Amino acid sequence: MGQTQAGLIEELRARGMRMTPQRAIIFETINQLEGHITAEEIFAQVQKVNAYISLATVYRTLELLQEFDLITPTNLGDSQTCFALKEHCCHHHLVCLQCGNIEEFSDDLFDLVRSRLEDEHGFQVRTDHMSLFGVCKACRGE
Ligand SMILES: [Zn+2]
Ligand SMILES: [Zn+2]
């Protein structure tokens, strides 16, 4: 599914991102992981490939990838921001505040909310990648 990594790097170049070797390594790391990853986790991985890449470079590259709309952040409740590739969206998360369990749910659940907010408030909501916090089925004893 989606584009190959070379395709994405080409696209980034075509859209004007300067593709340095360090950025390519960081991007490859994010691309390989497929799920969600924090900046610190990316940093730990890229350090194995190139020990000269700093955490600051990882953060700057993540900001760039967000500007290019290729990754989306979400907060899964451990106060760390997780990133996922946009092509793995759109989904959202249900995060249990008691046991920490995380479930995904599909974006179409927000269709009604989005259309009503647009109709009634003229407001266009961005629901790229959200986390909703609450209590899961198991913790509720159901
Ligand atoms: Zn997600
Ligand atoms: Zn739970």
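Strand β2 is joined by 5 bridges to strand β3 (residues 81-85), and the two run antiparallel; here strands (E, at least two residues) and helices (H or I, at least four) are DSSP runs numbered from the N terminus, and two strands pair if DSSP finds at least two bridges between them. Within this pairing, Ile71 stands opposite Leu85 in β3. The structure is a predicted model, in which local features need pLDDT of at least 70 and side-chain atom pairs count only at pLDDT 80 or more, whereas totals for chains, interfaces and linings use all residues. Residues are numbered from 1 along each chain as its sequence is written, while chains are lettered from A and ligands numbered from 1 in the order in which they are written.

The two strands belong to an open sheet of 3 strands, which has the order β1-β3-β2 with antiparallel pairing. β1 (37-38) and β2 (71-75) stand at the edges with a single partner strand each, so one side of each is left without a neighbour in the sheet. Helix α2 (residues 21-33) packs on the sheet and touches β1, β2 and β3, its direction making about 85° with that of β3; contact between two residues is taken to exist if their C-beta atoms, placed from the backbone, lie within 7 Å.

In overall terms, the protein has 5 helices and 6 strands, and these follow the pattern α-α-β-α-α-β-β-β-β-α-β along the sequence. The C-alpha trace spans about 50 × 35 × 25 Å along its principal axes. Of the 142 residues, 18% are buried, where a residue counts as buried if 20 or more other C-beta atoms, placed from the backbone, lie within 10 Å of its own, as exposed if 12 or fewer do, and as partly exposed in between. Among contacts between residues at least 6 apart in sequence, 50% join residues at least 24 apart.

Two packed helices are described by the angle between their axes and the distance between the axes. The axes are lines fitted to C-alpha atoms, for helices over the stretch in contact, and angles run from 0 to 180 degrees between N-to-C directions. Helix α2 packs against α3 at an angle of about 125°, with the axes 10 Å apart, and α2 is therefore oblique to α3, given that angles under 35 degrees count as roughly parallel, over 145 as roughly antiparallel, 65 to 115 as roughly perpendicular and the rest as oblique. The contact is made by Ile25, Ile26, Thr29 and Ile30 of α2 together with Ile42, Gln45, Val46 and Val49 of α3. These residues divide into 6 nonpolar, 2 polar and no charged, where Ala, Val, Leu, Ile, Met, Phe, Trp, Tyr, Cys and Pro count as nonpolar, Asp, Glu, Lys and Arg as charged, and the others, Gly among them, as polar.

Helix α3 (residues 39-49) also packs with helix α4 (residues 55-67), at an angle of about 120° and with axes 9 Å apart, so that α3 and α4 are likewise oblique to each other. Ala39, Ile42, Phe43 and Val46 of α3 meet Leu55, Val58, Tyr59 and Leu62 of α4, and this contact comprises 8 nonpolar, no polar and no charged residues.

Asp69 lies in the loop between α4 and β2, and has a positive phi of about 65° although it is not a glycine. Asp69 is exposed, with 10 other C-beta atoms within 10 Å. Arg116, in helix α5 (residues 111-121), also counts as exposed, with 12 C-beta neighbours inside 10 Å.
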